[in-house]
Amino acid sequence: MSIWWSLHLRREAASVPLARRFLLGTMETAGVDPDVSFDLSLALSEACANAVEHGGERTALGEPGDSGYGRTPPDSGQYRVTAYLDGEKCRIEVSDSGPGFPAVRVLRPAAHISCAAESGRGLDLIEQLSDHVQFANRPGRGAVVSFDKVLKWQEGALLTV
């Protein structure tokens, strides 16, 4: 058995704990180890906070000459959180309608980037709490951060391998 869900949330601070509680409730019900649940919920909180703060209408990032450079992307005032739990791992995706990640973050492997200069300490935390992280831009439509972690299960869990 597997579980997946998707939330469309307003870009408001109150949405961050809502997403976190939804994930924690799902993982507790499924029987995921509390330490793994905590790590993923903290990573989700950071990703959601980033979407709330940076995921709105702004001038698009890019290089002069890029087709989207200097344009304002459409802003839905929302962001989306999707979680997939199966017997082996949990994958979480957070997408927004903002300007996207700087090219340096998207083009290089995440482990080789120092985000301190980019005020990206939350992104660093997501990397530390997850087994795999990917940052991507959807041209003209915002950014997506996806991260996953191998799951550990409590005895008698509903979704064991």
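The predictor's confidence in each residue is expressed as pLDDT, on a scale from 0 to 100. Averaged over the chain, pLDDT is 82, with 75% of the residues at 70 or more. Strand 3 has the highest confidence in the chain, at 97, whereas helix 3 (residues 103-107) has the lowest, at a mean of 58.

Two stretches call for some care. Across residues 59-67 pLDDT remains under 50, and the model gives this stretch 15 contacts beyond four places in sequence. Residues 108-118 also stay under 50, here with 17 contacts beyond four places in sequence. Where pLDDT is low, the predicted coordinates should not be read in detail.

Strand 1 (residues 3-10) pairs with strand 2 (residues 78-85) through 8 bridges, in the antiparallel sense. Within this pairing, R10 has Q78 of strand 2 as its bridge partner. Strand 2 also runs antiparallel to strand 3 (residues 89-95), to which 6 bridges join it. On that side, R80 finds its bridge partner in S95 of strand 3. A hairpin is formed by strand 2 and strand 3, with 3 residues between them.

The cysteines complete the picture. C48 is buried, since its relative accessible area is 0%, and C90 is likewise buried because its relative accessible area is 0%. With a disulfide taken as a pair of cysteine sulfur atoms within 2.5 Å, the count for the model comes to 0 disulfides.

Key:
Residues are numbered from 1 along each chain as its sequence is written. This is a predicted model: local features need pLDDT of at least 70, side-chain atom pairs count only at pLDDT 80 or more; totals for chains, interfaces and linings use all residues. Side-chain values use heavy atoms; hydrogens and water are left out. Two strands pair if DSSP finds at least two bridges between them. Helices (H or I, at least four residues) and strands (E, at least two) are DSSP runs, numbered from the N terminus. Contact means heavy atoms within 4.5 Å. Buried means under 20% relative accessible area, exposed over 50%, partly exposed in between (1.4 Å probe, protein chains only).
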